[in-house]
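Thanks for coming, everyone. Please have the sequence and the model up on your screens while I talk.

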Amino acid sequence: MIKRAALWTAIIVAGLIGYAAKHAYGMSDQAIYLAVTAIGLVIVSFHFDRRMAALEERVIHKDYSGIKVAIQDGERHKPQHEPPKSLIDGGAVQSFITAAHEVLFEDFRWFGAVLNQHVAEAWAIEELNDTDVRGIEGPEVGRRYQVYYNACKMGTMQVTVGGHEWIFRPETFAENRQAQVEIDLDYLRFVPFDAAESLISSIVLFIGPFRDDGEGARSKAASVAAAALTGHLWESVRSPDVDMSFEFGTEGPYELLRNTTDHWKANGIDPLLKWAGDRP
């Protein structure tokens, strides 16, 4: 704001100087106009150059040394889950909550714990006490998570109701369950490919169809993850001056997740109590 005021002050001063010169030397209006315009363009150009230099300093010359150390050498973050007791407790708008949201909320009670036991060692998924998430068309309802790689806070993940049938008949969601998972990560290019692939493929595997074809489901999950990571790498190389974030989404009936949590329930296991929502 101060810099903008200074810019306008300089332009006004230039105009006053031109006005004084006109009366002192009998210069024509056209000559004064051209002179003032030239001075204004010089001032604006100088201001623009300074803004561009500041932008280049932030984008092109950003120092990532601290980020790299946290990713490569930092101690793994131990997840401290804060699961909301209910959708309302997590901040969701009550008028948005349907029977479909309640079913999904219960089904994903241990999603963070499941992922922590299946991703590469450095990852940590930590549930947040937040159920007021962002959808494409506005506020949504679901669960949110913080994602860490070793000591680096990488980004967030959220789970919402998938599909479209539930919108008009939410009471039928239990018969045809669909979830949508979206993850948004920074600094992923500093993470080893195998580790990045383990996170994305695990999400796809647990959210997609599974049934009795476990090998086929794992192969498809690996292919989807590889394609997403390759696309991210391509864009990062294509635009090296831009700090690219990795955005990925997948949708499915989350059959393997339900199988896993049903197994825990049948054996009286609460992973949040037994393993603190982390790996054993």
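Where is the place of Tyr-64? Tyr-64 is in the loop between α2, residues 29-59, and α3, residues 65-72. Keep in mind that this is a predicted model.

Stay with Tyr-64 for a moment. Is Tyr-64 buried or exposed? Tyr-64 is buried, because its relative accessibility is 12% and the cut-off for buried is under 20%. Now look at what it touches. Leaving out residues up to four places away in sequence, Tyr-64 touches Tyr-187, Arg-189, Phe-190 and Asp-243. Take Phe-190. In sequence, Tyr-64 and Phe-190 are 126 residues apart. In space, C-alpha to C-alpha, the two are 9.6 Å apart.

Tyr-187 was on that list of partners. Let's go there next. Tyr-187 sits in the loop between β5, residues 179-185, and α7. Its phi is positive, about 60 degrees, although Tyr-187 is not a glycine. Tyr-187 is also buried, with a relative accessible area of 15%.

Asn-150 also has a positive phi, about 50 degrees, and it is not a glycine. Where do you find Asn-150? Look in the loop between β3, residues 138-149, and β4. Asn-150 counts as buried, at 12% relative accessibility.

Now step back to the whole chain. How many helices and strands does the chain have? The count is 10 helices and six strands. The chain has 280 residues, and 40% of them count as buried. What about contacts along the chain?

On to the interior. In soluble globular proteins, nonpolar side chains tend to be buried together. How many residues are in the largest nonpolar core here? That core has 55 residues. Those with the most contacts inside it include Phe-108, Phe-111, Trp-123 and Met-154. Which helix gives the most to this core? Helix α7, residues 193-207, does, with nine residues.

Zoom in on Phe-111. Residues up to four places away in sequence are not counted here. Phe-111 touches Tyr-145, Met-157, Val-159, Val-181, Phe-206, Ile-207 and Leu-257.

Pick Val-159 from that list. Val-159 lies in strand β4, residues 152-161. Its relative accessible area is 1%, so Val-159 is buried. Neighbours within four places in sequence are again left aside. Among the contacts of Val-159 are Leu-104, Phe-108, Phe-111, Val-141, Gly-142 and Arg-143. Gln-180 is in contact with Val-159 as well. Val-159 and Gln-180 are 21 residues apart in sequence. C-alpha to C-alpha, they are 5.7 Å apart.

Back to α7. At what angle do α7 and α8 pack? The angle is about 125 degrees, and the axes are 8 Å apart. Helix α8 covers residues 214-238. That angle makes α7 oblique to α8. The crossing of α7 past α8 is right-handed. Who makes the contact? From α7, the residues include Phe-193, Ala-196, Glu-197 and Ile-200. From α8, they include Ala-217, Arg-218, Ala-221 and Leu-229. Sort the residues of this contact by type, and you get 12 nonpolar, one polar and two charged.

Two last stops. Which segment holds Pro-280? Pro-280 is in the segment after α10, residues 271-274. Pro-280 counts as exposed, at 73% relative accessibility. Beyond its neighbours within four places in sequence, Pro-280 is in contact with Gln-117 and Trp-275. Pro-280 and Gln-117 are 163 residues apart in sequence, and 7.6 Å apart in space, C-alpha to C-alpha.

Finally, Ser-86. Ser-86 is in the loop between α3 and α4, residues 99-107. Ser-86 is partly exposed, with a relative accessible area of 28%. Not counting residues up to four places away in sequence, Ser-86 touches Phe-105 and Thr-131. Ser-86 and Thr-131 are 45 residues apart in sequence and 8.5 Å apart in space, C-alpha to C-alpha.

That's the tour. Thank you.

Key. Residues numbered from 1 in each chain as written. Predicted model: local features only at pLDDT ≥ 70, side-chain atom pairs only at ≥ 80, totals over all residues. Heavy atoms only, no water. Core = buried A, V, L, I, M, F, W, Y, C linked by side-chain atoms within 4.5 Å. Buried < 20%, exposed > 50% of the residue type's maximum accessible area, 1.4 Å probe, protein only. Helix = DSSP H or I, 4+ residues; strand = E, 2+ residues; numbered from the N terminus. Contact = heavy atoms within 4.5 Å. Axes fitted to C-alpha atoms, helices over the stretch in contact; angles between N-to-C directions. Parallel < 35°, antiparallel > 145°, perpendicular 65-115°, else oblique. Left-handed = near helix turned anticlockwise from the far one by under 90°. Nonpolar A, V, L, I, M, F, W, Y, C, P; charged D, E, K, R; others polar.
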